[in-house]
Each structure stands twice: as structure tokens, then as C-alpha cells.
Amino acid sequence: MFECGPGKVLAPLSGRISPQLEGLALEDRASLETADYKMMIKPGDGDFTKVKEMLGKMKTFKGWAVDAADGFIAELDEPSGKQFMVTRSVKAGDKGVVCDSAMSKPAKSLDKAQEAFAVCGTLKK
């Protein structure tokens with residue numbers, strides 16, 4: 001069950017409705033911003049198959065700088081210049097967490113993208 005809005009009232013009650021039901025408030029996001037990039041952190045399962053297929057079809061897609069089981073770094077040659085899309089999943093306690101580039105501030109160099117990928121790998125609950 002997903003709760004939309006800032007209240008976080010229904011999501012915690014989902015277990016009372018049914019023990020098998022898990023509640024997540026869509027507000028449960030965080031971000032990590034540096035001078036060089038911004039990463040969004042949210043609950044997720046880490047299945048990037050569809051995202052990778054979509055990226056591979058983009059005209060601006062140049063290749064995979066990192067293509068790992070837990071994430072990737074895609075190189076894009078956008079009209080505004082080279083940028084890197086970073087996506088990685090980690091386990092935070094017993095929950096899955098996805099950390100990915102904010103399109104408003106992607107990494108502009110491979111070094112910074114690799115730094116972001118490494119930082120995402122250190123997330124813990």
C-alpha cells in the first residue's frame with residue numbers, strides 16, 4: 001500500500017489491516033547533494049531491466065561506464081554536454097533502497113559518477 005501525501009498516517013497502520021500488507025509513504029525520499037551531483041534515495045527493489053532498455057535506445061546514450069548486478073553508470077552525450085546517469089540498489093536493513101541521479105543535477109564527469117556510485121553503496125539503515 002502506498003500513501004500519497006505528507007501525513008504518514010496510513011502507511012504505519014497497514015500491518016493492522018493485514019499482516020502481509022506493507023505500507024510505504026511516498027514522501028519517504030531523501031537526497032544527497034554535492035557541488036557536483038545530486039542523488040535521490042528512495043525505497044525500491046533494484047530491478048533496472050526496463051530502465052536500461054530505455055536508456056540503450058536513447059540517441060544520446062554512449063555506453064555503460066559501469067554495468068553491475070546492483071546498478072550502473074550510463075554515459076549520455078546531451079546537448080548541454082556529457083553527463084552520467086548513476087543508479088544503484090542496496091539493502092538497508094531488511095529493505096531495498098535505490099539511489100539514482102537527479103536529472104536536475106547529474107554528474108558531469110566519470111570520476112564524480114563513480115564517486116556517487118560508491119557513496120550509494122555505503123547506505124545503511
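Predicted model: local features only at pLDDT ≥ 70, side-chain atom pairs only at ≥ 80, totals over all residues.

Author: Happy to! Leaving aside neighbours within four places in sequence, Thr 87 is in contact with Phe 48, Asp 70, Gly 71, Phe 72, Val 98, Cys 99, Asp 100 and Phe 117. Thr 87 has a relative accessible area of 2% and is therefore buried, the cut-off being under 20%.

Thr 87 belongs to strand β7. That strand, residues 81–92, pairs with β8, residues 95–101, in the antiparallel sense over 6 bridges. One of the bridge partners is Val 97 in β8, which faces Val 90.

Stepping back, β7 and β8 are part of an open sheet of 6 strands, ordered β3-β4-β8-β7-β6-β5, with antiparallel pairing. β3 (30–33) and β5 (61–68) are at the edges with a single partner strand each, so one side of each has no neighbour in the sheet. From one strand to the next, the twist averages 15°.

Helix α3, residues 110–120, lies across β3, β4, β5, β6, β7 and β8, and runs at about 10° to β7.

Now back to Cys 99, one of the contacts of Thr 87. Cys 99 forms a disulfide with Cys 120, with the sulfur atoms 2.0 Å apart. The pair links distant parts of the chain, 21 residues apart: Cys 99 is in strand β8 and Cys 120 in helix α3. The link is left-handed, with -45° about the S-S bond, and the structure holds 1 disulfide. Both ends are buried, Cys 99 at 2% relative accessibility and Cys 120 at 1%.

Key: Residues numbered from 1 in each chain as written. Heavy atoms only, no water. Pairing = 2+ DSSP bridges. Helix = DSSP H or I, 4+ residues; strand = E, 2+ residues; numbered from the N terminus. Axes fitted to C-alpha atoms, helices over the stretch in contact; angles between N-to-C directions. Contact = heavy atoms within 4.5 Å. Buried < 20%, exposed > 50% of the residue type's maximum accessible area, 1.4 Å probe, protein only. Disulfide = S-S within 2.5 Å.
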